[in-house]
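Reader: I have not looked at this one before. Can we go through a few residues and see where they sit?
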Amino acid sequence: MTSTAPITGSIPLLTDCTSTNDAAVDNSGRNRLVISLMLAATFVLFLNETSLVVAIPRIMADLSIEPSTAQWLSTSFMLTMAVVIPITGFLIQRFSTRSIYIAAMSFFTLGTLLGAIAPTFLVLILGRVVQASGTAMMLPLLMTTVMTLVPPATRGKTMGNVSIVMAMAPAVGPTVAGLVLAVLDWRWVFIVMIPIAVTALILGITKVTNVTDPRKVSIDVLSVILSAIGFSGLIYGLSSLGESASGTVLLPPAIPIVIGAISLALFIVRQLKLQKTDRALLDLRTFAAPGFAISIALIMVMMAALFGTIILLPLFIQDVLGLEPVQSGLIMLPGALIMGLLGPVVGRLYDRVGPRPLMVPGAILVSAALWSFTMLSETSSPLMVVAIHVPMSIGLAFMFTPLFTSALGSLKPHLYSHGSATIGTVQHLAGAAGTALFIALLTVQSVSLAQSGASETVALAGGVRVAFMAGAIISLFAIIATLFAKRPASDLEPADAPVGH
């Protein structure tokens, strides 16, 4: 183990990968098994992340809640991820790989059970929060393990598989839920996940081996508190924008937004101080690495676009076009499948040509799709939605793998866990912010049009167009940012070079 590993928020380098090439070969079978199990488990966890999207209309009717309240089923999940992920760096150091895996799947299983039996909306939210806690533990463990075990020159291919988990699984979630809702109640979206979660838990207990050396470390409680208040304040404030438009907000949105911004600023100051002694919860020296900051900014834009689209399209398809949940899921299925199938392909292309030749056309496709979505109306055809969603999915596939790989590849090995935690945090913070922003704009415009005499369907369609307009404008900045993307120097190392070389 290296002596330079930070005390807090960092995973120790895997001992068999920082020694000789022979040692790496001796453990290659074990390494593949560990990564494969983590990929499969994380896919299940991320699939669940968006599975309730197509069920929201039914949940709203069953539990008598408004759209601005129902969107917390997605926002609470992503917000919990953003709050918990920074803490997992400490957990990964303190406990073994096997223990973290078992804890993650246990939390996920418990949360799924709570969702299945939830008698009220508050209990349903609690179940989502518990599920998210388990998912948050798995993500940094997966990404840091991949970066430590896989040689730099072939990381693109493996990160292509990771991108399937991080992009395709959330996109497929609505389709899976739609198929379930075609014949069963919305609670079955949770029930069908229980045996899958239990199976993944059993496999972890019997198959996952330890690939790290746990050690006693401390955690900065003040950093945890500041990050929790900062992220939750910002997301709650954004979410409240939609509720304020419908007159149901209890607290002016500006208050939690200001509190969140101040807390986040204090959190950053705290990390800058702690990182001098390698005790930061999130070491912000990652942003000094060439290309990391640009990659993080682009990840935020793409995740906001992805999750905003994932929650808006089912609402549009069901409430404006009048289709059933299963049809909603099937309409979004082609794009999700294409995104997943392209993951490994884009990964191999990344190993050959680097990030820029992939990201520039990818960003252009995403932007063009968002601008096209602004033309949706109550008379639009479902085929039009498919025709726009598929190119957007292709563009996202060309973005995610290069972004994840180049961001982490630009870091020194002892900062991998901090980079993984940062990516996971901003990814879900951006997803939550994108969801909240899109729903807020949808609600504001819909209420305005309804008050002017428009029908409910016309008003909702107008709200959808305004929400996509905001995403389209933001996407233009992403196109410019991709022009500055560069291939990390570490990617040019030989494929058989040991990690940390």
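Reader: Which helix is the place of V464?
Author: This is a predicted model. In it, V464 belongs to helix α18, which covers residues 456-482.

Reader: Is V464 buried or exposed?
Author: V464 is buried. The relative accessible area of V464 is 1%, and buried means under 20%.

Reader: What does V464 touch, not counting residues up to four places away in sequence?
Author: V464 touches L312, F316 and L442.

Reader: And how far apart are the C-alpha atoms of V464 and V320?
Author: They are separated by 9.8 Å. Along the chain, V464 and V320 are 144 residues apart.

Reader: Next, T309. Where is the place of T309?
Author: T309 is in helix α13, residues 292-320.

Reader: Why does T309 count as buried?
Author: Because its relative accessibility is 2%, and the cut-off for buried is under 20%.

Reader: Which backbone oxygen lies 2.7 Å from a polar atom of the T309 side chain?
Author: The backbone oxygen of A305 does.

Reader: Which residues is T309 in contact with, leaving aside neighbours within four places in sequence?
Author: T309 has contacts with P314, L370, F373, H389, M392, F438 and F468.

Reader: Which residues have the most contacts inside the largest nonpolar core?
Author: They are I59, M105, L124 and F468. That core has 149 residues. Helix α13 gives the largest share of this core, 17 residues.

Reader: Changing topic: the surface. Which residues make the nonpolar surface patch?
Author: V221, I225, I229, L251, I255 and I259 make the patch, with an area of about 470 Å². Two elements give two or more residues to the patch: α11 (221-245) and α12 (254-274).

Reader: Which element gives the largest share of the nonpolar patch?
Author: Helix α11 does, with three residues.

Reader: Why is I255 called partly exposed?
Author: The relative accessible area of I255 is 38%. Partly exposed lies between the cut-offs of under 20% for buried and over 50% for exposed, so I255 is partly exposed.

Terms used: Residues are numbered from 1 along each chain as its sequence is written. This is a predicted model: local features need pLDDT of at least 70, side-chain atom pairs count only at pLDDT 80 or more; totals for chains, interfaces and linings use all residues. Side-chain values use heavy atoms; hydrogens and water are left out. Helices (H or I, at least four residues) and strands (E, at least two) are DSSP runs, numbered from the N terminus. Buried means under 20% relative accessible area, exposed over 50%, partly exposed in between (1.4 Å probe, protein chains only). Contact means heavy atoms within 4.5 Å. A polar contact is a pair of N or O atoms within 3.5 Å; within protein, one must be able to donate a hydrogen and the other to accept it, and residues adjacent in sequence count only if both atoms are side-chain atoms. Patches are made of residues with over 30% relative accessible area and no salt bridge: like charges are joined within 9 Å, nonpolar side chains (Val, Leu, Ile, Met, Phe, Trp, Tyr) within 5 Å. Accessible areas come from the Shrake-Rupley method with a 1.4 Å probe; for residues, only the protein chains shown count as cover. A salt bridge is a side-chain nitrogen of Lys or Arg within 4 Å of a carboxyl oxygen of Asp or Glu. A nonpolar core is a set of buried Ala, Val, Leu, Ile, Met, Phe, Trp, Tyr and Cys residues joined through side-chain atoms within 4.5 Å.
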